[in-house]
Each structure stands twice: as structure tokens, then as C-alpha cells.
Amino acid sequence: MRGIFLTIFLWFWLALTLMAVSVALITWAYQLEGGSMTVAPAQPRRLQPLQLAGALALRDVRGDEAFTAHRHELEESSRIQTYFLDVRGDDIGGEPVPPALRAFAIGFDAAKDVGTRRFDGVEATIWELRDGTGQRIIAIAVPRNLRPTSVAESLEGVERGGPTAWWSFDFLSTPLPVFALRLVTILLVAGIGCYALARSLTAPVRRLQRVVRQFASGDLDTRVDPQLSKRADEIGELSRDVDAMALRVASLLTSQQRLLQDVSHESRSPLARLHVALEIARGSAGVSAEAPLARVGREADRLNELIEQLLTLAKLESAPPVTERSPIEMISFVAEIVGDADFEAAATSRHVRMTRADACSVVGSPSLLRSAIENVVRNALQHSPPNGEVEVSVLRPPDHEPTAATILVRDHGNGVPPDALERIFVPFYRVDDQANAATDRARRRGTGLGLAIADRAVRSHGGTIIAANAESGGLLVRIDLPKG
């Protein structure tokens, strides 16, 4: 199986190969052009004095022609050019000698000039030899790919004590322009290779990330791109695992929703029969049975309300985003909800009032938005103290924002612990707060589904709903509805 390890290995191998080939091609191209930016070989094989002495002995035995042929063979094998100079500075094989080398040979002092010397980046090795007649021969070896004129210029620069045309880094023996070109080439090719490697590794991971985010946002039908699932590496395995997980979770949620719907539907018929039996019992029972029968009636009403909310929640959980929409003028729409809630709250000595009303409108489902706002207001009333007041505001955001309308609902109760602010929109979640008994009794009367229904209804419109504790106490719920 082709794993990520092999992918990384091959990409790095390719990048390093491309760098080496690119540098080699550039060096080769400059050498072919014969430009002044030629580079000395990294480590040419050094000629041994015995080889040079053998070349001189061959000259004495076979003559200049054999000497010249053997000399060229040595230069080809070692990539070093050697000058054999006599006391007058002439090459004994008739090779042209740069003026600087001629002058150097004439002023040669064996006590201090024999050995390896560096002339401003050009390294030369100097020996003192003797031919068959005992005549002194000065052998000077320099890198073969350096032109004699370049050597002459370097040596002349040393004699003058000033800079030369070959401006080099001594520790690299490489001209600065070539060094810079090599460096830029390596960085460029390595950057391209590493970028391709990063893209090849992160692109599929980002595609997986988008799928996971879509699934987390509620799109249970989303699946990984088949191109990723068919991969034969670890990313392909991860893609198939994500698909399997999504399928399993979607199946469980669908089963849960179906069970919720079925139980709710099946419970409605017994409840209807219970209400009929209750009315019959009231007609035939005496005065002593009125209180228990009234209690049964209230509990049946609560159970019926719970079933209605369960059906609403199940419908919102399984339904696609709202498609049938109509324009809604928010001031009158929210004012009607506030009026109804205030009328219901009067029986518990609580009030609901609108504190701000900006002219704005949205496009959506009136029934779903009414359900969302009513559930938030009723939740605020349940958590308000006696004689408390729930404040509702309708705000119009600036035109450049994507939000068409913002509804704020605030109570003056005890608020919610910070770690529970997001969980209050989960079905049946209740905050464990015994701060005051009246609020707790109201909480027990609730079903724990109101805010969950409001959350699903708002999200089905593409909006958001969040809760936060107000600075001066109480809970503030914010609903943002988008334009269009």
C-alpha cells in the first residue's frame, strides 16, 4: 500500500534530484559558453611529483612529441593544467605561458615558493624538478577549466596587491555571481518541491475538514468525495472511516427522530380518549372528586403540550431549510407576540414589553418564526421573578451587514452558568440552579424543549440564536435573521 511515508519520501527525493540537476545544468551551461563565471572542480585529483618527473624522463627518452601526448593524458585524467617552465619562464613543451606566470618563474625562489599557494581564489601547486640534463624545471599546476588569461589576471592582481577580476569567496573558491545563482536556484527548486509536497498532503485533509464541518452543521447527507475514498493510503482509509461514521450517526439520528415521531403520534390517541373519559367522570362524580379530576386534567394538558412540542421538534430536526417564505414586517409581528405573552403573564404577576422597535422586515415562515420567538419569551417568563419584566427589542442592523433583523429577549432572573449557555438549546437540558424556589417551580413546569425548538426554527431560516448573561443580571437571548 502506498502510504504517506512513501509519498513524503518520493517528493523529497524528487525535490533534491531536481535541485542537483538544476545546479549541474547551470554549471555545465556556463562551462560550454566559456564565460568568466566558470567554476573550479570541487576536488580535482592532485598530480604527484613522481608523475611529473616521469613526464620529463619520457621527454628525454622519446622526445617532445611523446612528452606532449603524455602531458595531455595527465591533464585529461586529473583535470589539472600543468606548466613546465624553464629558468627563462618558457614552457618546455611550447605551450603559451601567461606573462604573470613567466614573471613568477623568472623570480622563483625554491626556499619559499614551492608548495600549494592561493592567488585570490585560484589555487596553484608549485614543484621544483630537474630534467635529464640537470636543468631546473618549475611545474605549476592550476585547475584546467580556468583559462590562462584568468590565471594571469589573478596572479597579476596579487603582484599589484589590489583586487582582481575574479572576485571570489575564498572558502568556496566560487565566484560570487555563480554562488548567488546556485543559491537562488536551490531555494527556488526546493520551494517548488516543498510547496507541491505541502499541497499534496494538506489539500485532501482540507477537503475532509469541509465534509466534517458540513456534517457537524446538520447536513447528515454529506459524504466524502469518492476520489478521496478510493485512495489507497492513510487518507483514503480516513475518508472511508469518516463516511462510515457519518452513515452510522445519520442512521442513529434518523431512527431517534422516527421513534420520537412514532411515540408522539401513538400517544395522541390515548390522550384524546383520556380527555373524553375525564369529561364523563366529571359529569358523574361528586364534589369531592373535582380536585383530583382537575389535577388529572392539568397533567393531561401538560402531557399533550409535551407531545405537541416533541412533534414540532422532530419535524424541525428532519425537515430541510425553509423554502416557502413570505415577507414579514417585524414590528407588528413581534408586537403581536409580545401582546399575547403579556396577557398570559398577567396571571403570574409578570409582564412583557417591547423596549425598542426598528422598522425592518425579513423573508421566512411566519409560523416557524412565531414559534421561535414565543418559546424564547415564554422561557424568559418562566425564569423571571414575581413582578418581573421581560424586555423584547427589534433592531435593524446596518445595511452593510448580512443580517436583516435582530430580536433581543432579556429577563431579570438569575441568569445561566457560563458553561451552560450553549447547552440550554439542547432538548430536555435544564440548568441545575436552586437560587430561588419560585423560579425553580416555574422551571419544573417547563418541558425543556422551548429553546431547542427556537434554535431549530431559527437555523432552518439560516439565522443564529445565542444566549449570554446580561451585565446587570438575567439572561439575554439574541436572534439574528439573515436577509433574503
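How many residues of β11 are buried? Eight of its eight residues are buried, so β11 is largely enclosed by the rest of the structure. Buried means under 20% relative accessible area, exposed means over 50%, and partly exposed lies in between, with a 1.4 Å probe and protein chains only.

## Basis of the report

This is a predicted model, in which local features need pLDDT of at least 70 and side-chain atom pairs count only at pLDDT 80 or more, while totals for chains, interfaces and linings use all residues. Residues are numbered from 1 along each chain as its sequence is written, and side-chain values use heavy atoms, with hydrogens and water left out.

## The sheet

Strand β11 belongs to an open sheet of five strands, in the order β8-β10-β11-β13-β12, with mixed pairing. Helices (H or I, at least four residues) and strands (E, at least two) are DSSP runs, numbered from the N terminus. Two strands pair if DSSP finds at least two bridges between them. Strands of a sheet pair through backbone hydrogen bonds, either parallel or antiparallel.

The edges of the sheet are β8 (351-357) and β12 (464-469); each has a single partner strand, so one side of each is left without a neighbour in the sheet. From one strand to the next, the twist averages 15 degrees.

## Partners of β11

Strand β11 (residues 403-410) is joined to β13 (residues 475-482) by seven bridges, and the two run antiparallel. Arg 410 stands opposite Leu 476 in β13, and Val 409 has Val 477 of β13 as its bridge partner. Five bridges join β11 to β10, and this pair also runs antiparallel. Here, Ser 393 has Leu 408 of β11 as its bridge partner.

## Helices on the sheet

Helix α12 (residues 366-382) packs on the sheet and touches β8, β10 (389-395), β11, β12 and β13. Contact means heavy atoms within 4.5 Å. The direction of α12 makes about 170 degrees with that of β13. Axes are lines fitted to C-alpha atoms, for helices over the stretch in contact, and angles run from 0 to 180 degrees between N-to-C directions.

Helix α14 (residues 450-459) packs on the sheet as well, touching β12 and β13. Its direction makes about 135 degrees with that of β12.

## Salt bridges

A search of the whole structure finds 20 salt bridges. A salt bridge is a side-chain nitrogen of Lys or Arg within 4 Å of a carboxyl oxygen of Asp or Glu. One of them joins Arg 71 and Asp 91, whose closest N and O atoms are 2.7 Å apart. Arg 71 lies in helix α3 (residues 64-78) and Asp 91 in the loop between β1 (80-85) and α4 (99-106), so the pair ties together parts that are 20 residues apart in sequence. Arg 71 is buried at 4% relative accessible area, and Asp 91 is buried at 8%.

Arg 207 and Asp 225 also form a salt bridge (2.7 Å, N to O). Arg 207 is in helix α7 (residues 176-216) and Asp 225 in the loop between α7 and α8 (226-229), so this pair ties together parts that are 18 residues apart in sequence. Arg 207 is partly exposed at 26%, and Asp 225 is partly exposed at 32%. In helix α14, Asp 455 and Arg 459 lie four residues apart, about one turn of the helix, and their side chains meet in a salt bridge (3.1 Å, N to O). Asp 455 is buried at 10%, whereas Arg 459 is partly exposed at 40%.
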